[in-house]
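Here is a predicted model to talk through in questions and answers.

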Amino acid sequence: MLTVDRLHHSYGPDHVAIASLTFKVNEGEIVAIVGPSGCGKTTLLKSLAGLLRISGGAIRLDGQLVSDVPKGLAVVFQEYGRSLLPWCTVEANVQLPLRYQSLPSDVSRRRIKDSLAAVGLLHVAGQYPWQLSGGMQQRVAIARALAYHPKLLLMDEPFASVDAQTRADLEDLVAEVRDRFDITIVLVTHDIDEAVYLSDRVLVLSASPSRLLADIPINVTRPRDQITTRASEQFLTVRSEVVRLIRRQAPPAS
Amino acid sequence: MSAAPESTKAPAGSHQRKLTFSPVIAHRLATFFRIFAGALLFFLAAELLTWLEFVPSTYLPRASTVALRVVELLYDLPFLLNVAHTLGAWALGLFIATLITIPFGILIGTSVPAYRAIMPIVEFMRPIPSVALIPLAILLWGQSLTSKVILVAYATAWPILYNTIYGVHDVDPITTQTARCFGLNRLAILRRVTLPSAAPLMFTGIRVSASMGLIVIVGIELLAGANNGIGSYILFASSTGGHMDSVLASAAIAGLFGLIINVIFGVIERRAFAWRLLGVASR
Amino acid sequence: MRNIAFSSAGKMNLSGTLRSFLFRYGLGLALLLAWQLAAMHAESIFFPTPWQILLRAADLWLSGPPQHLFLADGVFADILPSLGRLLLGWSAAIAIGITFGILIGRSRIFSDLLDPSLQFLRAIPGPALIPIFIILLGTETTMRVTLIAFGSVWPVLLNTIEGVRTVDPLQLDTARAFRLPPLARLTRVILPAATPKIFAGIRVSLSLAIILMVVSELVASTNGIGYRILTSQIMLLLTEMWSAILLLAALGLTLNAMLERIERSVLRWHRGARQRTES
């Protein structure tokens, strides 16, 4: 569904963020992208979203070249506090993308209800983001993305700023969302455990200027569960392999 | 977490450095060019508008004429004396206000009962336009330097006082508590935590009241009978006919000085309080 | 502001509210009393007692017939014209400032180029422009309204430009990611994000507008509150002068309080969000 072909991006002559990336994402998959800090994961995500004009290579969504933000794509950012509009209620925030989709009002109202219910926040629809905890705010951001009914959901370190307990709940939410809404998810994260726990495939990036170090299929059985899966033999094996890869990655291009 | 080495820059050939400007100089040059271009644009637009003569040029002379007059005035000793008189009175008033209100403000801000009792009064006095007292000042002290200085001092005192009290009162209690835990006594906390923390807001108060003071002093000079200062020069030039270029030029010079003052304050603010990256709302 | 805890005994309520009232206004009332006593003692014509000032004010403005809401002629002769000019000029300044602020702020190049000119124009002390405006526009209402508008537009304009320029890029990215049309981006993201700064500019422009209103009435005027202050000074009617000053103070306070109230309700979300990030 999503093909990335020799993606290259630099922020000026001295700063090459991404050297060359080539990979595919199939429909319905959850793909996690991991790598060391500063390796261009966010640059990659912004490029996939069409928020960045890439320096070289091509990104195609369903065969169409991505040059500006394509239809059917939603993004969840790490800083939920800044991406939710503080002057809108939770409901207004979730509604915002739907307003300009020419949807009949009962359809959009239904979608808002469904997505808020899916993240368990129907009861705070009238509150403002700053009245909610961090985890709840991020859930609102997820609900907003869901209500949009995207084909592809991009998440940029969505749980990095959230406490461990909430993170576990949100991870399970993402898995459930993929099953229920049948979306394709690309998730950027620095947390390897999370990447292995959630995804069907893990793409490992090298340090900047980044290249693809490995594309590892995660053959851990589903449905997955925070306690048993994370203690299972399969999980630990795959996890150590990923960590080893990141630790002894190729040195930066000289 | 991985301890992988990071490198965000592709190493540029170091031999290339000699040919490019250091980024700091490049930035300064760009800023200077930008300002110059902006000023030029302004002048050209003004020249075009005045050339089109929507208003007859006896009333609104050409921008070039005004600019010439500005240069002439800046070489004219009597005029410069007027400017010095205005700026001197303004500076003196501002200085007196700062000298008096900052210590008071610190005292009030650090004492909770004093804050609760006095702050309502300060909030009450602050929105009162000081220009309303110009006739009173003239009555009491005539059109003298004294009345100007006193009025400027009065006008500038309130914003400074308000900001000082507020800045001192609103120091982050976590910072002061941390200092207490490290054994600092009250005076040390004041010196090393409270004052530095409140300084940006205090300075904003001074900056705001500086421009307020300029307005007040030109205002008082504008009333008939004044004999010194930019304001009286403008008034004089406008009452004797046919000197529109002087009127506009002197107003422009007043603006230029105001601009220079603003810029100086801005530079000091950025240098001294660069750590306060989050904008301090001007109150 | 702490809420006073309500207890079952009604007495507790009263003493609580009374105490907070005294704390807030106690010192002010004490000073007022001191002023009254000092003025009574000094018997100087320059400093009438507060009581005399109040009486004169009531006489000047509240002694009219019931069908005029007890408003005397002085109100219609002075206060209403002043207020009218002030509000007209100030609202023009707000409208122009916000409109052009958005237009200019949206373009980085444009706002960078215009910045020096705007900084220069805003630095010209308002009173310095009065002679120019008198020559160009006469001494009637047009001149005063234009002067007030011209002088008080800059804080609104400059703050709007800054507010529009400094919208959080993440919010803009979010708007783009959800493919919001450009107009919606402006009205639903950029403008609301800029309102705190815009309101700060409006607050400053109010005090500037009041100053310009007064100063323009001290010079070549035939009516208005400032005019009243000046003429009473010239005619040595000092109690009247003080009454007019008092009126001006009341006007400034009222308008500021009203603006604050509006700002508080419009920017409720901002205070809440700020508390969050600062905690």
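Q: What makes helix 3 of chain C count as bent at Ile79(C)?
A: The bend at a residue is the angle between axes fitted to the seven residues ending there and the seven starting there. At Ile79(C) that angle is about 35°, and a proline, Pro81(C), follows within four residues. Helices here (H or I, at least four residues) and strands (E, at least two) are DSSP runs, numbered from the N terminus.

Q: How do you know what span to expect for helix 3 of chain C?
A: The expected span is 1.5 Å times one less than the number of residues. Helix 3 covers residues 73–105, 33 residues in total, and its 46 Å from first to last C-alpha is close to the 48 Å expected. Helix 10 of chain C (residues 238–266) has 29 residues and reaches 42 Å, close to the 42 Å expected.

A word on conventions: this is a predicted model, in which local features need pLDDT of at least 70 and side-chain atom pairs count only at pLDDT 80 or more, while totals for chains, interfaces and linings use all residues. Residues are numbered from 1 along each chain as its sequence is written, with chains lettered from A and ligands numbered from 1 in the order in which they are written.

Q: What makes His149(A) partly exposed?
A: His149(A) has 17 other C-beta atoms within 10 Å, so partly exposed is the label here too. His149(A) has a positive phi of about 50° and lies in the loop between helix 5 (134–147) and strand 7 (152–156) of chain A. Most residues other than glycine have a negative phi, and most peptide bonds are trans.

Q: Which peptide bond is called cis, and where is its proline?
A: The bond from Arg222(A) to Pro223(A) is cis, with omega near -5°. Pro223(A) is in the loop between strand 10 (210–217) and helix 8 (228–231) of chain A.

Q: What makes a group of residues a nonpolar core, and which members touch the most others?
A: A nonpolar core is a set of buried Ala, Val, Leu, Ile, Met, Phe, Trp, Tyr and Cys residues joined through C-beta atoms within 7 Å. The largest has 207 residues, and Val34(A), Leu154(A), Val152(B), Ala251(B) and Ala209(C) touch the most other members. Helix 8 (residues 182–218) of chain C gives the largest share, 19 residues.

Q: How do you know which residues Ala251(B) is in contact with?
A: Two residues are in contact if their C-beta atoms, placed from the backbone, lie within 7 Å. Leaving aside neighbours within four places in sequence, the partners of Ala251(B) are Ile234(B), Ile124(C), Ala128(C), Leu129(C) and Ile132(C).

Q: What covers the buried residues of helix 10 of chain C?
A: Among the buried residues of helix 10 are Trp242(C), Leu248(C) and Gly252(C). Their cover includes helix 5 (134–141) of chain B, together with helix 2 (50–61), helix 8 and helix 9 (225–234) of chain C.

Methods:
A residue is buried if 20 or more other C-beta atoms lie within 10 Å of its own, exposed if 12 or fewer, and partly exposed in between; C-beta atoms are placed from the backbone.
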